[in-house]
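I opened this notebook to work through one model, taking its domains, the contact between them, its ligand and its charged pairs in turn.

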Amino acid sequence: MKIGLLGAGSWGTALAQLLAENGHEILLWCYEPEVAHELNHDHTNRTYLPDISLVSTVRATIELEEVALWGPVVVSVLPSHVVRPIYRQLAPYLRPEHSIISCTKGIENGSLALMHQVIAEFFPWNERILALSGPSFAAEVVRHKPTAVVIASPNLVLGHEVQQIFATPWFRTYFNPDLLGVELCGALKNVMAIASGMVIGAELGVNAMAALITRGLHELTQLGLQLGARAETFSGLSGMGDLILTCTGTLSRNRGVGVRIGQGESLSDILASMTMVAEGVQTTRSARDLAHREGIEMPIVEQVFQVLHENKSLRQGLAELMVRRLRDEGGSRC
Ligand SMILES: NC(=O)c1ccc[n+]([C@@H]2O[C@H](COP(=O)([O-])OP(=O)(O)OC[C@H]3O[C@@H](n4cnc5c(N)ncnc54)[C@H](O)[C@@H]3O)[C@@H](O)[C@H]2O)c1
């Protein structure tokens, strides 16, 4: 099958490789012309996925419309802050027969829209928008490390077709009809990843890490239920699975940001030193705004927001978390 991909960062390149290895014909849209040139001539992407030789049938382009004209499937692997402008440009070339699989993990600042909701503004056949999410570091997928993810769509037939497109003996795909819940989990876990990095960087201990993952999942679940997500999604691959990966895995960039904050660096210095995106930094703002809008208490999200964006000290944020009014564990209040 002919598959176009948007975004040649780590994840887009890894998925292009996976799909090419699965026998599909791949066209990969790159933002940077030099990345496209390197992909086409050297079959590498040293900026975003070093030390990997790509299948020579992965072809790169910098012409956005070529991806839509290439075939019926578009795999969207852009950073969340560019999804809107890129789809605005792509919209005239999208057709009702396209299927769009969003692999981006984020919530747009301001609109507080999930990625399938942003894409739907430019692609009105919204039952053909799906998501791929779950615990999956690009660097492991390209090395054929066993990985399991979720394909989410309210459209059962399409969801099962897309499951087949991605599945390989090292990349197992499950189906989940809860598109909203799956996308929400994928975005919110990045906030907890930053918090987990803070725990590591400030040497707060493994008791704190276990408490963070558990109470973090509770916060995600409360917000998700309020927004209409299914409870089971939060204990699945895109929920608990991705939360465990990103809070414990050293490859997580969001966790890396938190580690450096915990060691005393400023957010602006950290971001200035990074080429790649750490989605959690912006998602923290959206998550906190969503919690306020929905009237859901998310104390960990709130403190991460204040430490990142309001210059609160980590020590102060932690103190406030620990002495909050005591609660029942399973209650709807966090
Ligand atoms: N890296 C992973 O292992 C992984 C795994 C699962 C999901 N994701 C998600 O996939 C999405 C993409 O992440 P990534 O790791 O591939 O990112 P990355 O940081 O590796 O790459 C960023 C990409 O954004 C592009 N870009 C930068 N500025 C742009 C602009 N103005 N317009 C268009 N494109 C621009 C760059 O060319 C590059 O392709 C994120 O939402 C991330 O959370 C990543």
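**Entry 1, domains.** I began with the division of the chain, which gives domain 1 as residues 2-177 and domain 2 as residues 180-322. I note at the outset that this is a predicted model. I then looked up the separation of the two parts, and the C-alpha centres of domain 1 and domain 2 lie 25 Å apart. The contact draws on 33 residues from domain 1 and 31 residues from domain 2.

**Entry 2, buried area.** For the area buried between domain 1 and domain 2 I find about 2500 Å², with carbon and sulfur atoms giving 67% of it. I asked which residues of domain 1 lose the most area to domain 2. They are I107, L112 and F137, which together account for 26% of what that side buries.

I counted one salt bridge between domain 1 and domain 2. I also looked up the salt bridge in which the side chains of D242 and K105 meet, at 2.8 Å from N to O. Across the interface of domain 1 and domain 2, I find ten residue pairs in polar contact, with both residues at pLDDT 80 or more.

**Entry 4, the side of domain 1 that touches domain 2.** I listed the elements that give two or more residues to this side, and they are α5 (115-120), β6 (129-133), α6 (138-141), β7 (147-152) and β8 (171-176). Of these, β7 gives the most, with four residues. Sorting this side of domain 1 by class, I get 17 nonpolar, 13 polar and three charged residues.

Which residues come nearest to the ligand, of the 24 around it? I noted G9, E32, A138, V277 and E279. Looking at individual atoms, I see a backbone N or O atom of A138 at 2.8 Å from an oxygen atom of the ligand, and a polar backbone atom of V277 lies 2.8 Å from a ligand oxygen atom.

My count of salt bridges comes to 15. Because E121 lies in the loop between α5 and β6 while R84 lies in helix α4 (residues 83-90), I note that the pair ties together parts that are 37 residues apart in sequence.

Key:
Residues are numbered from 1 along each chain as its sequence is written. This is a predicted model: local features need pLDDT of at least 70, side-chain atom pairs count only at pLDDT 80 or more; totals for chains, interfaces and linings use all residues. Side-chain values use heavy atoms; hydrogens and water are left out. Domain bounds come from an automatic or database domain assignment. Contact means heavy atoms within 4.5 Å. Buried area is the accessible area (1.4 Å probe) that two parts lose on being put together, summed over both. A salt bridge is a side-chain nitrogen of Lys or Arg within 4 Å of a carboxyl oxygen of Asp or Glu. A polar contact is a pair of N or O atoms within 3.5 Å; within protein, one must be able to donate a hydrogen and the other to accept it, and residues adjacent in sequence count only if both atoms are side-chain atoms. Ala, Val, Leu, Ile, Met, Phe, Trp, Tyr, Cys and Pro count as nonpolar, Asp, Glu, Lys and Arg as charged, and the others, Gly among them, as polar. A residue is near a molecule or strand if one of its heavy atoms lies within 4 Å of it.
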